[in-house]
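Work through the exercises below with the structure open. Each task is followed by a solution in steps.

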Amino acid sequence: MQISAKDLSNLLQGEIVGNENVVLHTIAKIEEGKEGALSFLSNLKYEPHLYTTKSSVVLVNKSFTPTAKVNATLIRVEDAYRAFTFILEKFSAVANKKSGIAQSAVIETEIKIPESTYIGAQTYIAADVEIGENCQIYPQVYLGDGVRVGNNVTLFPGVKVYANCVIGNNCIIHAGTVIGSDGFGFAPLPDRSYKKIPQLGNVIIEDDVEIGSNCSIDKATMGSTIIRKGVKMDNLVQIAHNVEIGEHTVIAGQSGIAGSTKIGRYCVFGGQVGIAGHIVIADGNQFGAQSGVSSSIQEENGKWFGSPVIEVRQALKSGVVYRKLPDLEKKLNELDKIVKEKK
Amino acid sequence: MQISAKDLSNLLQGEIVGNENVVLHTIAKIEEGKEGALSFLSNLKYEPHLYTTKSSVVLVNKSFTPTAKVNATLIRVEDAYRAFTFILEKFSAVANKKSGIAQSAVIETEIKIPESTYIGAQTYIAADVEIGENCQIYPQVYLGDGVRVGNNVTLFPGVKVYANCVIGNNCIIHAGTVIGSDGFGFAPLPDRSYKKIPQLGNVIIEDDVEIGSNCSIDKATMGSTIIRKGVKMDNLVQIAHNVEIGEHTVIAGQSGIAGSTKIGRYCVFGGQVGIAGHIVIADGNQFGAQSGVSSSIQEENGKWFGSPVIEVRQALKSGVVYRKLPDLEKKLNELDKIVKEKK
Amino acid sequence: MQISAKDLSNLLQGEIVGNENVVLHTIAKIEEGKEGALSFLSNLKYEPHLYTTKSSVVLVNKSFTPTAKVNATLIRVEDAYRAFTFILEKFSAVANKKSGIAQSAVIETEIKIPESTYIGAQTYIAADVEIGENCQIYPQVYLGDGVRVGNNVTLFPGVKVYANCVIGNNCIIHAGTVIGSDGFGFAPLPDRSYKKIPQLGNVIIEDDVEIGSNCSIDKATMGSTIIRKGVKMDNLVQIAHNVEIGEHTVIAGQSGIAGSTKIGRYCVFGGQVGIAGHIVIADGNQFGAQSGVSSSIQEENGKWFGSPVIEVRQALKSGVVYRKLPDLEKKLNELDKIVKEKK
């Protein structure tokens, strides 16, 4: 990024106040501003920083009027936060884009890799893999036999995709994540040992999915484990075999979903949530961090907390009483004594 | 897989009903059947699908008689589920088997690698490693100095094994799992900083163990962290230093076992279970998901739930009352008022 | 390690009792002793093993006097445990040290790598990376553009460091850990899908930090996620974007800290602890395993347990009553009946 305040203001169709020739080459939070940086002010809690920031330019809302002297150049726009995000995207897209096919990449069979797609060093591509346009396949990625990758996909370093898994368009998968490891399926034998049930399915990841780092998504025993369009998943999440996650559901870090469970659309999971196997969760349900769900939820749009979960307001009320349990017990015993003595 | 219904029936010593010339080339769940696929019917809950499935052949139990018209060829066998699993195994063993030593593999010292063993691309094998017959060492694996790997072992892409760890026969370790990282041992110093306690032991994994993806199994401070014969472990499991897991114990995803704890044989852990350090769990104990265990369990074959755990039936009963705590408190306060007024 | 009892005793300024010519080449716990091994006795619980151990040499405290016949050579020192740890360190430092730059390492731009630093096979170093003296960069590591690594740093196999992250001096990061994956930031859109908020910051890891295997530490949206000097982190830990962990805080396995939270100095986290986002935890607070913290803690040096956490003694007391909840409910209902009948 290298842009003058004037050019930036034109780009954003903003209104400039102050030195329009100052040049920007980085971005910073308003409270951590430095020369040459662009910041923004949206939440007025941060207004005091506007008068002390070292950033060269600050985006502000048109509706905002400073109440003290400002050193930075201001660019007044309709929505400062949105404008800032827009700039971030431009900036990050340009900064990170790689190209070419690294010499140390190993590609087992002759396949067509579009010119717009980057294959990083030490990446391994097994037989009969398909890769779309505009992909960024970082170093040290593994794509097993028959894997299919759509367009505009980013696979960060060390992502491992087992054979025959499918990744849709515009997906982002972070470093160390494993797609398609075997489902956890074992049949108990009469001698109390276990026999592996072969896992022959795959994982299908639809379009616009983002998956964090060091996640594990198991393939189906037969058929597919399915991550639907627009799902967002944080780090260290476990998705077991034959699970299906509905569109635009969001799952925070270290949550786990056991085998064959179907999660609806637009659900929201806090961190470290656990969902039992073979159940169904309806659309729009939300789970507080560390919740545990052991049976199906048929109603939509509930809010839940606890292990096992109960409705969140009820859970919070029970939590308050829980802290007082020793007092309650004492009071109950006193009452008991009084009443029994009277009898 | 490419086999006619007739040949398959002979292989299974089954009894064929319908077109015996149809050729199978894949497998499918009965409810997701397609032409050329083999399915099975065991649980009669799925019987309605038998009459609509598009699969070409369905395995059924000898004891079963259809109650409507079936389009698929049937093969009647003693136990349809077992026969199907047998076929799955044959199919998956053939489908995935790789061979040779990839050119981009780095092998530090001259070692004897059996012809039956596959070493994938970009795999690193340090000094003085031993590898047995019939192994599948996928790409991007790391085997540190002096690692020993038995026969019939599969290490999926990106498995990392630290120096001097030992992996027995017939083990399967999934992508991204780390064997032998340092135990978490630090001595507090007078200035409240910590000093690392060197971790010099190893990890020993006995025969027939399967470990999921992205697990972390730490080496012992001295001696060995031991995973006994037949243990099955899901993804993202943490096993700390000097832990010992007894034979044929099963551990579901995201569970963690703290340092120096000894787990008995035939135990079963749900997901996200946590076990404290320096305790002993007797054989055959079972723990519900998200349970937390802070002290030793000497009795065998208990069933536990909660954090800290209590006996499962008791835990479920307490859980029911927990939801009503605000009502209980209210009732208690009313009673208290009545009784105190009377006094 | 290859040292005579006599030389070792001189090194430790100890007092030797028994055969001073015996040669040591390994170490062992006193209860698992073997010929040629060094053991120690500090905790007198282990004293009986002294009289049966097969170790050749045992370090004991000067204050200790055997009460039976000892076969091993004794070396009497001020503090046997400390002396043993000292020897462990010497031994492990020598045993593991590697050198050189592997031919299969890919280094994108010409950078100065000190002779004292080892770069392992199949490691990838992107553009404009800086690496200090005396580092051990194991095979299959990924260092993104502009990463800075200090002196005496060990990065175990498969560590992935995203662009522009900074690792201080004397840090140790275990296999499979990801530093700098994108923070989990998404803005909800009117159609209930989500839009990625670009993550442009980095991760700064200060000096003397150790991080376990398969951890995920996300970069900041802007600015830095900061792990302060001396922090020790176990395996499978999740640190979200813009988090700051204070000096010498210790975090056990599978714990997670959500976005923008600030953790104080000298805190101690048990395993599987979860901390909510956007809160502040004061110095010296300790959290029992599986605790969940949803709001800021301003007092220092508290001890907490439960989800949501309460003060640990209170939590343990409430836990005891929790087990008796069904009895309490029954007693309350009986009382209620008696009292209401009397009315």
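**Exercise 1.** How many salt bridges does the rule find across the interface of chain A and chain C? Describe the side of chain A that touches chain C.

*Solution.*
Step 1. In this predicted model, the rule finds three salt bridges across the interface of chain A and chain C. One of them joins the side chains of Glu329(A) and Lys324(C), with an N to O distance of 2.6 Å. This pair qualifies because the cut-off is 4 Å between a Lys or Arg side-chain nitrogen and a carboxyl oxygen of Asp or Glu.

Step 2. Polar contacts between the two chains come to 30 residue pairs, with both residues at pLDDT 80 or more.

Step 3. On chain A, at least two residues each are supplied by α3 (80–96), β26 (232–233), β29 (250–251), α4 (312–323) and α5 (325–342). The largest share, 10 residues, comes from α5(A).

Step 4. By residue class, this side of chain A has 29 nonpolar, 18 polar and 13 charged residues.

**Exercise 2.** What area do chain A and chain C bury between them, and how many residues of each are in contact?

*Solution.*
Step 1. Interface size is often expressed as the accessible area lost when the parts come together.

Step 2. For chain A and chain C the buried area is about 4900 Å², and 61% of it lies on carbon and sulfur atoms.

Step 3. The contact involves 60 residues of chain A and 67 residues of chain C.

**Exercise 3.** Is His174(A) buried or exposed, and which side chain does its own side chain meet in a polar contact?

*Solution.*
Step 1. Locate His174(A) in the loop between β18 (172–173) and β19 (178–181) of chain A.

Step 2. Its relative accessible area is 1%. The limit for a buried residue is under 20%, so His174(A) is buried.

Step 3. Beyond four places in sequence, the residues that His174(A) touches include Phe156(A), Val159(A) and Glu210(A), as well as Tyr162(C), Ser181(C) and Asp182(C). The side chain of Tyr162(C) makes a polar contact with the side chain of His174(A), at 2.8 Å.

**Exercise 4.** Where in chain C is Asn164(C), and what is the phi of this residue near?

*Solution.*
Step 1. Most residues other than glycine have a negative phi.

Step 2. Asn164(C) has a positive phi, near 70°. This residue sits in the loop between β16 (160–161) and β17 (166–167) of chain C and is partly exposed, at 45% relative accessible area.

Step 3. Asp208(C) also has a positive phi, near 65°. Its loop runs between β22 (202–205) and β23 (210–211) of chain C, and its relative accessible area is 24%, partly exposed.

Methods: Residues numbered from 1 in each chain as written. Chains lettered and ligands numbered in written order. Heavy atoms only, no water. Contact = heavy atoms within 4.5 Å. Buried area = accessible area lost by both parts, 1.4 Å probe. Polar contact = N/O pair within 3.5 Å; in protein donor to acceptor, adjacent residues only side chain to side chain. Helix = DSSP H or I, 4+ residues; strand = E, 2+ residues; numbered from the N terminus. Nonpolar A, V, L, I, M, F, W, Y, C, P; charged D, E, K, R; others polar. Buried < 20%, exposed > 50% of the residue type's maximum accessible area, 1.4 Å probe, protein only.
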